[in-house]
Amino acid sequence: MSESTTAPQDAQLRAELDQIFDEVLAQLSELVAIPSVAWPSFDPAGVRASAEAVAALARDLGLDAEILTAPTPEGTEGYPAVVASIPAPAGAPTVLLYAHHDVQPPGRPEAWNTEPFTATRVGERLYGRGAADDKAGIMVHLTALRLLRDRLGVGVTLFIEGEEEAGSPSFRNFLEAHRSKLAADVIVVADSGNWAAGVPALTTSLRGMCALEFEIATLDHAVHSGMYGGIVPDAMLAMTRVLASLHDENGSVAVAGLKRETHSDIDYDEDTIRRDSGALDTTELIGTGTLASRLWSQPSITVIGLDVPDVAVSSNTLQASLKAKLSIRLAPGDTPDNAVQAVTDHLSAHLPFGATLTIGATEGGSPWQADLDDPIVQTARDALSDAWGVESVTMGIGGSIPFIADLLEVFPQASILVTGVEDPDARAHSANESLYLPDFKAAILAEVLLLERLAPTAS
C-alpha cells in the first residue's frame, strides 16, 4: 500500500470536485425524489425505481451494472440491489463499496419543514429523506469513481443494497448467491457518521440489536372497569410493572446477563448530547459511566411498541391482555441469542399478580468491533484526516449494522472499514433529515485518497 501523505494532488482533486459538485447534488436530489421504502406497507415500485436509477448512474460511468435479488429466509423475494464492478489490475486488491438505496418511511408530514422527498438546500445543508442515510453514501462511491476515472489502481465492486432499513432480510442469502461477484479484500461500508460537523471519524465499534415481542395476560376477556377495577388486575397494570423493572433508578438497564463496558477513550460533553438529541431542558440524562460508553458499549432497552386502545377510542375497560415490543441494543462482545434469553428470563421473573407471559417474534443482529491493528484502518484514518484537514478519530456508534457479521463470515479475510457522511445533526430516521455539504465533499475526497492508497506501491 502507498504511504499516507498530507498534501498529495489535493488542490487539483478539490478543483475537479468543485467543477462537478452541482451535478453531483442534482443526481443526489433525483435519488432523494424516489420514495424507496422497503417496507411491506409501502409500494415496492419505489425501491425498484431507485435501483434502476442507481444502476443507470453506474452505467453512465462505464460500469456493467446488474439489478439482483435473493430470497429471504421465509422464501419471499428480497428487494433489488445493484451490483457493478471494475476488475482489479494484476496484483491489486479489490475493494467492495457498500451503501443502500432504500430509506426510512418519512413519518408525519407535518413534522417536516420541507417536503420529505424533495431535496431542498438550506445554507450548507441538503434536506430530504435519504439525503444523508444513505443516498449520499451512494454518491460518495460513484463520485469517487468518476474523479479517479482511468487512474483507478484497484478493482472495485459497487454493492448498493435495497432493504437495509428493513433489516436486510435477504442479505445473507444474497451474499451466498452472489459470492463470486462480491468477494473483496477491503469492504467500505458508507453508512455511518462522523464525530462532529467538520471532524471525521472511522467507526470501529457498533452495538448489536435484537427485538422481542411479548404478550402479558391477566384475564380471559376484557371486563367493565367499574365492576371489577380494584380487585382484578388488568393487563396494563401488570405490563407497567414489568416494563418498569427493565431499568434501575438511574435509568440503566437492570437485566442481568447483558454485557457492558462503562469506559471509553473519548467522550461527549453533556451539552452536545442534549443539543443533538433534542432533550428538554428539564430532562435528566439516564445511565451511569461515560456518556460515550452509554451510547457505544452499554446495552439499552426501549419500548418501541405497545398495543393499547388509543385515547380517542378508549372505554372504561380492564384490558385482558397487552402486547409490547422491545428494541434491545447490545454491547460489543454480546450476542442476540444471549440477550433474548436474558430479557426473557427477566420478564418471567418480574411478572406480578400471577400474570402469564407469551414470547412472540424475535430478531437480532450481532455487534461488531474492528481490528485496530489492521494497517488498512490507519490508511483509512489518514485519508479522512487529509481530506478534512482535521485529525480523524475512531469512535463507536450506538446504532447497529447487523449485516457486518454476515460479511465477516462470508469474507473472513476482508478488512472492513465503516465510514459515513452523517454528522450529529443529520437526523437520520427522523423528520428534517439533512446532509452537511462540506462533509459530503470531504467524504468524496477521502474515498478517492483511500482508493489511491490501497493500490500497490509503484515499483
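**A conversation about the model**

Analyst: Let us begin with Ser-168, which sits in the loop between strand E6 (155–161) and helix H4 (171–177). Helices (H or I, at least four residues) and strands (E, at least two) are DSSP runs, numbered from the N terminus. This is a predicted model, in which local features need pLDDT of at least 70 and side-chain atom pairs count only at pLDDT 80 or more, while totals for chains, interfaces and linings use all residues. Residues are numbered from 1 along each chain as its sequence is written, and side-chain values use heavy atoms, with hydrogens and water left out.

User: Is Ser-168 buried or exposed?

Analyst: Ser-168 counts as buried, at 10% relative accessibility. Buried means under 20% relative accessible area, exposed over 50%, and partly exposed in between (1.4 Å probe, protein chains only). Its phi is near 50°, a positive value in a residue other than glycine.

User: What about Phe-353, where is that?

Analyst: Phe-353 is in the loop between helix H10 (336–349) and strand E14 (356–365). Phe-353 is not a glycine, yet it has a positive phi of about 60°. Its relative accessible area is 43%, so Phe-353 is partly exposed.

User: And which kind of peptide bond runs from Asp-133 to Asp-134?

Analyst: That bond is cis, with omega near 5°. Asp-134 belongs to the loop between strand E5 (125–127) and helix H3 (135–148).

User: Switching topic: what does Ala-183 touch?

Analyst: Not counting residues up to four places away in sequence, Ala-183 touches Thr-94 and Phe-411; contact means heavy atoms within 4.5 Å. Ala-183 lies in the loop between helix H5 (179–182) and strand E7 (186–193). With a relative accessible area of 38%, Ala-183 is partly exposed. From Ala-183 to Thr-157 is 8.5 Å, C-alpha to C-alpha, with the two 26 residues apart in sequence.

User: Which residues is Met-139 in contact with?

Analyst: Leaving aside neighbours within four places in sequence, Met-139 contacts Val-24, Gln-27, Leu-28, Leu-31, Leu-57 and Phe-440.

User: You mentioned Ile-404. Which residues of H12 are buried?

Analyst: They are Phe-403, Ile-404, Ala-405, Asp-406, Leu-407 and Val-410. Helix H12 (residues 403–410) is thus mostly covered, with 6 of its 8 residues buried.

User: And the whole chain, how many helices and strands are there?

Analyst: The protein chain has 13 helices and 18 strands. Of its 459 residues, 51% are buried. Its C-alpha atoms fill a box of roughly 85 × 45 × 45 Å, taken along the principal axes. Among contacts with a separation of 6 or more, 80% join residues 24 or more positions apart.
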